[in-house]
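Could you open the model and keep it beside you while you read? I've jotted down a few points for us to go through together.

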Amino acid sequence: MYELSFREHREMPALTDYFKNETFSYYEMAKEIAKLHMLFEKAGIKQGEKIALIGRNNPRWCITYIATLTYGACIVPILQDFTPTDYIHIINHSESRLLFLGDNYWDTIEPEDIPEIEGVFSLTDFHVIYSKEEKLEKFMKNITKHYRTKYANGFRVTDIKYARVPNDQVCLLNYTSGTTGHSKGVMLTVNNLTANVEHIVVKTCHSNGDPFFYAGSRTLSFLPLAHAYGCAIDFLCPLAAGGHITLLGKMPTPKILLTALQVVRPEIICTVPLVLEKVYRKQVLPLLEKGPMSIAVKIPLLNTAIYSTIKNKLLNAFGGNVRIFVCGGAPMNKESEAFLQKIGFPITVGYGMTECAPLISVTTDTAKFKAQSCGMYLKEYCNVRIDSNDPQNVAGEILVKGEQVMLGYYKNEKDTKAVLDKDGWLHTGDMGTIDEDGTLYIRGRCKTMILTDNGQNIYPEEIEDKLNNMYMVLESLIIENNGKLHALVVPDYATADAEGLDRAKMPEIMQENLKQLNAMQANYEKVANITIYPIEFEKTPKKSIKRYLYNANTLKL
């Protein structure tokens, strides 16, 4: 797939570093891959052996990733948000032989901590940072000479030729960053990745019939590429179609992100719901709640024009060229989603997990996307069933079987058996229902579901979704303690300060929110009280709250 793409699109831009303004064409990228293949050969890397990768999104991160896959080795991308202890554990646990990283990450690692690593290379320019044997350092100092000797007649299009790797071979070892606190190495095969890329690039079209990605289509990558979601949609899919990826190598502030969007003008934005929800709360809600627009939206003949104006303002804020926003990684707030759909904003919500590389369901035709769903499951590649007697109405665990399901967890038979049954069904740990047409609806996590004494199921995420829409609530968590529900709330202090609101009034505001919340709840799911939490909850790279850090003891703080 990539061999053909790199040949066909050789003169087109492939990767751009936004801050350095450095661009690699597909041909230039292929030349750098050829040099790394020479390095791998010199190091004696065999098919299936591991190469670790740590760093923020940049072109050489991408080149290393693709070079490893196309050589037939196994890439081990490590999230930059992990701790140095995590880096070291993953490098050693994965049995990686080479390590590529951003220079600053090496400051936190000592060579004796990673005894199996034979060479460490910089993602700045691929220079050798550390080498166990002198041969690798010597080789890389003379890489240009070696390259010119091997390709004496110049690097030709026909030289873009990659290893033939069995579809069932593990090519990616992705260590999870889940909300349970335990990182596991997910073994993903060539087939797992191909099912995802083929579905988006080959099988998927927009409502107007245009391909999802095409040669020259523009993508702005700001989610961490070491995470399966951003990697598939922002990186692997565009490259297979000849797209142009601009990489934001720093954690973007709202100002940087909005400026970059105006410069790049992407057609597809892969994001987490938090980004759109913040835009809705900070930019849209104030317009609807105050001033002349709040009155005008109540007049039928005027509200259509106002909604159109808001939609255009939002689209222009994101560069004015977006055809679709793909949201994933966390649930979408119902109120935010409902409004965006009302104004015709091109949004869709998908569902997946690292164990499926990651896609399980998505509806890319926004006109067919059903509210509060996470799209239709990928019927050509997998089967999905709900562990429930009435899967359309009564939630049960979502089970997946098919092309994109992982082989298991690396060197972890116990956890593999806990999620992959003998018939090949992956137990996702998510509770949901499903329509007749295969559209999935997520209710919550199995582990967070609360079963009452009366046999009622309570999904904390659904209560949190309501609470998060209330005045001065930034985010919330529902915690069960001694048979009662308690809410842990982080107030929106930034908005309070902007409005000149005395922070001392926050407990009073939260009590009013509690009354409003319980008025919407059934008796068995009413919340006993709200406890104010002073700082934002810790989150995974995909912005899901690390729920395991918060429990009944937190309520006593």
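Here are my notes, point by point.

1. First, the ground rules. This is a predicted model, where local features need pLDDT of at least 70, side-chain atom pairs count only at pLDDT 80 or more, and totals for chains, interfaces and linings use all residues. Residues are numbered from 1 along each chain as its sequence is written, and side-chain values use heavy atoms, with hydrogens and water left out.

2. Start with helix H2 (residues 26-42) and helix H6 (residues 134-141): their axes come within 10 Å and cross at roughly 160°. (Helices are DSSP runs of H or I with at least four residues, strands are E runs of at least two, and both are numbered from the N terminus; axes are lines fitted to C-alpha atoms, for helices over the stretch in contact, and angles run from 0 to 180 degrees between N-to-C directions.) H2 and H6 are therefore roughly antiparallel. (Angles under 35 degrees count as roughly parallel, over 145 as roughly antiparallel, 65 to 115 as roughly perpendicular and the rest as oblique.)

3. Who does the touching here? Met-38, Leu-39 and Lys-42 of H2 meet Lys-135, Leu-136, Phe-139 and Met-140 of H6, where contact means heavy atoms within 4.5 Å. By class, that contact has five nonpolar, no polar and two charged residues. (Ala, Val, Leu, Ile, Met, Phe, Trp, Tyr, Cys and Pro count as nonpolar, Asp, Glu, Lys and Arg as charged, and the others, Gly among them, as polar.)

4. H2 also packs against helix H3 (residues 59-71), at an angle of about 60° with the axes 9 Å apart, so this pair is oblique. On the H2 side, the contact residues include Met-29, Ile-33 and Phe-40, and on the H3 side they include Cys-62, Ile-66 and Tyr-71. The H2 and H3 contact divides into nine nonpolar, four polar and two charged residues.

5. Cys-171 is buried at 5% relative accessible area, and Cys-356 is buried at 0%. (Buried means under 20% relative accessible area, exposed over 50%, partly exposed in between, with a 1.4 Å probe and protein chains only.)

6. Now look at Leu-378, in the loop between strand S16 (359-361) and strand S17 (382-387). Leu-378 is buried, at 2% relative accessibility. Its C-alpha is 7.8 Å from that of His-199, though they are 179 residues apart along the chain. Leaving out residues up to four places away in sequence, Leu-378 touches His-199 and Gln-404, among others.

7. Most residues other than glycine have a negative phi, and most peptide bonds are trans. The bond from Ala-357 to Pro-358 is cis, with omega near -5°. Phe-126 has a positive phi, near 70°, and Arg-265 has one of about 50°. Is each of these two buried or partly exposed? Phe-126 is buried at 5% relative accessibility, whereas Arg-265 is partly exposed at 35%.
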